[in-house]
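Here's a quick briefing to read with the model open beside you.

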Amino acid sequence: MQLENVTKRYPGTREAAVDDFSMTVPAGKIVVFVGPSGCGKTTTMRMINRLIEPTSGRITIGGEDALKLNADTLRRRVGYAIQQAGLFPHFTVAQNIGVVPGLLGWDKKRVDSRVEEMMDLVGLDPADYYHRYPRQLSGGQQQRVGVARALAADPPVLLMDEPFGAVDPITRGNLQDELLRLQTELKKTIVFVTHDFDEAVKLGDKIAVLGNQSTILQYDTPDAILANPANDTVAGFVGAGASLKQLTLLRVRDVEITPAPVTATVGESPAQIKQKMADAKVSFALILDQRNRPIRWVHIRELGTATSLASAGRPVGDSVSLQSTLQDALEAILTEGGNAVVTGSRGEYVGTIDIKTVTDTIQQLREEHADDHNGGVTA
Ligand code: ADP
Ligand code: MG
């Protein structure tokens, strides 16, 4: 696939969003675009499947002029997966995955069997998930559906715009591993956008480090870029792992602490708590002792047979204080599985901190870091 002198100027803007971009994307390889927010990654990518019309330039896919292909041919050639999966909320998993084959006029039987094949491919059991709606899936499962949908019409080219940007680090790692596994079988030509350099290194056969207006600062293998960053901006990106170290400089008190959805005191009856949880539509509650100290987590399913809250569910493991670093909080969250309890100076319950708060903070630090470096070049 080739992009030649591609430029996009949005109406009413002074600077081009993408300025004279030229690149050859090798067939069957993963090319990762990495660069700061607003540098033009999405615009560049969406010109490939013509969700955005280039102002000028040429794009060829398999030697054919992409700008002359009709919409159906483009859909067959180019799959597209985006952040938060972009699923249709009122469609089931199966309907979401079958969208493009449906648009291409496949008959129902062929669509159904393709949907099942795709669900197996991305590790979602059709028996469990076929008829579910996106809101009944975890973030990671939604991303799997997004990938399955992008692959459904078996396009040779796959565009992925920060597809794993909205999930926690562990799920994200798993999804990355699976993409690599899939790719060894499928050998698609993939353009993958991220602003996470670590993700780029892990996934890319080649990485394009982009600056403002999609200027290519360096386009090479991950090894070559790590060994020889072309300039300070690229070097800044390579060192962006520094943002993780900043987790040790931030404290729990600096970030958002959320109340547990339902709390209960150990003396209350299990039936009462079950009702409170049902009313609040939550599946977990935190049990506090008589002195307001967190002692147990309990799942709504564990309350049916429980005789006392003192023994229901499981004990609270690692908790953190307002003075703990975010690094400590992250560890506690990972051991506790999703969120950790925050306690005050006398061990009393204050709230909880969840994985999303920490990942959002990391992301924010990364963006600030990237922006700092970007400023130097554009000045
Ligand atoms: P990235 O994906 O790297 O964050 P984008 O491609 O979304 O960057 O945006 C590149 C630039 O184009 C930004 O300055 C953005 O504000 C601008 N831009 C994006 N979409 C539009 C639009 N529809 N109209 C005007 N400007 C836009
Ligand atoms: Mg973008």
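**A serine beside the ligand shell**

Ser 214 sits in the loop that joins strand S9 (206–211) to strand S10 (215–220). Keep in mind that this is a predicted model.

**Ser 214**

- Ser 214 counts as buried because its relative accessibility is 1%, and the cut-off for buried is under 20%.
- A polar atom of the Ser 214 side chain lies 3.3 Å from the backbone oxygen of Gly 40.
- Leaving out residues up to four places away in sequence, Ser 214 touches Ala 17, Val 18, Phe 21, Cys 39, Gly 40, Lys 41 and Thr 44.
- Among the residues around ligand 1 are Ala 17, Cys 39, Gly 40 and Lys 41, and Ser 214 touches each of these.

**Ligand 1**

- Which residues are around ligand 1? They are Tyr 10, Ala 17, Pro 36, Ser 37, Gly 38, Cys 39, Gly 40, Lys 41, Thr 42 and Thr 43.
- Sorted by class, that shell holds four nonpolar, five polar and one charged residues.
- Gly 38 has a backbone N or O atom 2.6 Å from an oxygen atom of ligand 1.
- Gly 40 also uses its backbone here, with a polar atom 3.0 Å from an oxygen atom of ligand 1.
- Thr 43 comes in through its side chain, where a polar atom lies 2.5 Å from an oxygen atom of ligand 1.
- On its own, ligand 1 has 560 Å² of accessible area, and the protein covers 56% of that.

**The protein as a whole**

- The C-alpha trace spans about 70 × 55 × 40 Å along its principal axes.
- Of the 379 residues in the protein, 49% are buried.
- Take the contacts with a separation of 6 or more: 61% of them are between residues 24 or more positions apart.
- The protein's accessible surface is about 17,800 Å², and carbon and sulfur atoms account for 48% of it.

**Helix H8 and its flanks**

- Helix H8 covers residues 169–186, which is 18 residues.
- From first C-alpha to last, H8 reaches 25 Å, close to the 26 Å expected at 1.5 Å a residue.
- The buried residues of H8 are Thr 171, Arg 172, Gly 173, Leu 175, Gln 176, Leu 179, Leu 182 and Gln 183.
- What do the buried residues of H8 pack against? The helices are H5 (108–121), H7 (139–151) and H9 (197–203), and the strands are S3 (30–34), S7 (157–161) and S8 (189–194).
- Just after H8 comes Lys 187, with a positive phi of about 50°.
- Lys 187 belongs to the loop between H8 and S8, and it is exposed because its relative accessible area is 55%, where the cut-off is over 50%.
- Glu 162 is in the loop between S7 and H8, and its phi is near 45°, again a positive value in a residue other than glycine.
- Is Glu 162 buried or exposed? Glu 162 counts as buried, because its relative accessibility is 14%.

**Thr 7**

- Thr 7 is part of strand S1 (residues 2–8).
- With 9% relative accessibility, Thr 7 counts as buried.
- The Thr 7 side chain reaches the backbone nitrogen of Asp 20 at 2.9 Å.
- Not counting residues up to four places away in sequence, Thr 7 touches Ala 16, Val 18, Asp 19, Asp 20, Met 47, Pro 54, Thr 55 and Ser 56.
- Val 18 is one of the residues that Thr 7 touches, and it is also one of those that Ser 214 touches.

**Leu 69**

- Leu 69 is in the loop between strand S5 (64–65) and helix H2 (71–77).
- Its relative accessible area is 8%, so Leu 69 is buried.
- Leu 69 touches Arg 50, Glu 64, Leu 74 and Arg 77, again not counting residues up to four places away in sequence.
- Arg 50 and Leu 69 are 19 residues apart along the chain, and their C-alpha atoms are separated by 9.7 Å.

Notes. Residues numbered from 1 in each chain as written. Chains lettered and ligands numbered in written order. Predicted model: local features only at pLDDT ≥ 70, side-chain atom pairs only at ≥ 80, totals over all residues. Heavy atoms only, no water. Helix = DSSP H or I, 4+ residues; strand = E, 2+ residues; numbered from the N terminus. Expected span 1.5 Å × (residues − 1). Buried < 20%, exposed > 50% of the residue type's maximum accessible area, 1.4 Å probe, protein only. Contact = heavy atoms within 4.5 Å. Near = heavy atom within 4 Å. Polar contact = N/O pair within 3.5 Å; in protein donor to acceptor, adjacent residues only side chain to side chain. Areas by Shrake-Rupley, 256 points an atom, 1.4 Å probe, with all protein chains shown as cover. Nonpolar A, V, L, I, M, F, W, Y, C, P; charged D, E, K, R; others polar.
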